[in-house]
Amino acid sequence: MLKVFLLFAMLIAGIVVGPMLAGHQGYVLIQTDNYNIETSVTGLVIMLVLLLLAFIALEWLLRRLFRTGARTRGWFIGRKRSRARQQTRAALLKLTEGDYHQVEKLLTRNADHADQPVVNYLLAAEAAQQRGDDFRTRQYLERAAEIADNDQLPVDITRVRIQLARNEDHAARHGVDRLLEVAPRHPEVLRLAEQAFLRTSAYSALLDILPAMRKTRIHDEAHLQSLQQRATIGLMDQAMAEGGSEGLKQWWKNQNRKVRQDLSMQVAMAEHLIACDDHTTSQNIIIDGLKRQYDHRLVQLMPRLQTGNPEPLEKTLRQQLKQRADDALLHSTLGQLLMKHGEWKQASEAFLAALALRPDAYDYAWCADAFDRLKRYEDAARMRREGLTLTLQTEQK
């Protein structure tokens, strides 16, 4: 640009100085209806140069004025942004103190000039929710949605989190379903989905997201196993509520082998069948489960069974005792079953074997009842004394 200006200046100087040196400045006549302007070529060029210089000066002046205005606006905007940063930092400190009123006030004062206005409004919405102000909560969420434009995921996540905090479980469930369509592996979406599905008893949906939860590693394996068992038992409850024993057995039949051979599921299924008064099916599940793997929870269910045919249970217990003769629970359970059909002598022997392995107030009482039936009253009295002593010692601890 400077080179062009210098070249233009040299050209003008040549036009002006050349004729002067040659003594021939030329003649220019500008004629109008009322005026005649006469001048030399040199004079015309000088006037044009002066006019150009006037335009340049005017342009410089206007540029300075507009630049000053922009700087002024920039100063005001920068000041607001600086204040917004300070207020956001102060709000975060107040958040740690639990002063939600101040948090909301500081976050929204200059929220539009903050570095992340959406974050300010979302945090303000959560602060308003903590205060129980539903109107302000909705207002801040709507404002955040306007600013977020196409990036609505943070807004939707915050909305669902607030709905869960206000126990609006079904509304949260609806929001979670939409979030899973957009971000099926987002860790926070999965956490919110877990809460919403558990609260609304959406156990099938919970089982569907378990693979994604396992891949994102938001929980350890023990917690995921617990969730799977809880969801499966929830489906078991629903099957029992809708179809009773028949519905429960049909549901169990439709499960894969992994579920049917899971000990926790077998225990839950046996308990549900007992509640449905289907003791025969429950007994079959218990015996089948113990054949595959020993579990004390299955053994503890045996005395609750009322099939009228305890022989398969007794046979199973005796087989287990061959491998686990030092298991007091097996001896005690066998004694309880023997008592049901009046085999008092064998029952007392089983209770004594259990008591030799560990003292138990219930076994003392059952053994005393068996001795009464055998007319061994002194032994029965001794069992009751020892049982009472054990109970008193336990209460003192």
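At roughly what angle do the axes of helix H18 and helix H19 cross? The views below start there. This is a predicted model, where local features need pLDDT of at least 70, side-chain atom pairs count only at pLDDT 80 or more, and totals for chains, interfaces and linings use all residues. Residues are numbered from 1 along each chain as its sequence is written, and side-chain values use heavy atoms, leaving out hydrogens and water.

**View 1. Helices H18 and H19 cross at roughly 165°.** H18 covers residues 361-373 and H19 residues 377-396, and their axes (lines fitted to C-alpha atoms over the stretch in contact, with angles from 0 to 180 degrees between N-to-C directions) come within 8 Å. The pair is therefore roughly antiparallel (an angle over 145 degrees). Helices here are DSSP runs of H or I with at least four residues, numbered from the N terminus.

**View 2. Residues of H18 meet residues of H19 in a contact (heavy atoms within 4.5 Å).** Among them are Tyr-364 and Phe-371 of H18 and Met-383 and Leu-390 of H19. By class, the contact has nine nonpolar, two polar and five charged residues. Ala, Val, Leu, Ile, Met, Phe, Trp, Tyr, Cys and Pro count as nonpolar, Asp, Glu, Lys and Arg as charged, and the others, Gly among them, as polar.

**View 3. Leu-334 sits in helix H16, residues 328-340.** Leu-334 has a relative accessible area of 5%, so this residue is buried (under 20%, with a 1.4 Å probe and protein chains only). Leaving aside residues up to four places away in sequence, Leu-334 touches Glu-314, Leu-317, Arg-318, Leu-321 and Ala-350. From C-alpha to C-alpha, Leu-334 and Leu-317 are 6.5 Å apart, although 17 residues separate them in sequence.

How values were computed
Helices (H or I, at least four residues) and strands (E, at least two) are DSSP runs, numbered from the N terminus. Angles under 35 degrees count as roughly parallel, over 145 as roughly antiparallel, 65 to 115 as roughly perpendicular and the rest as oblique. Buried means under 20% relative accessible area, exposed over 50%, partly exposed in between (1.4 Å probe, protein chains only).
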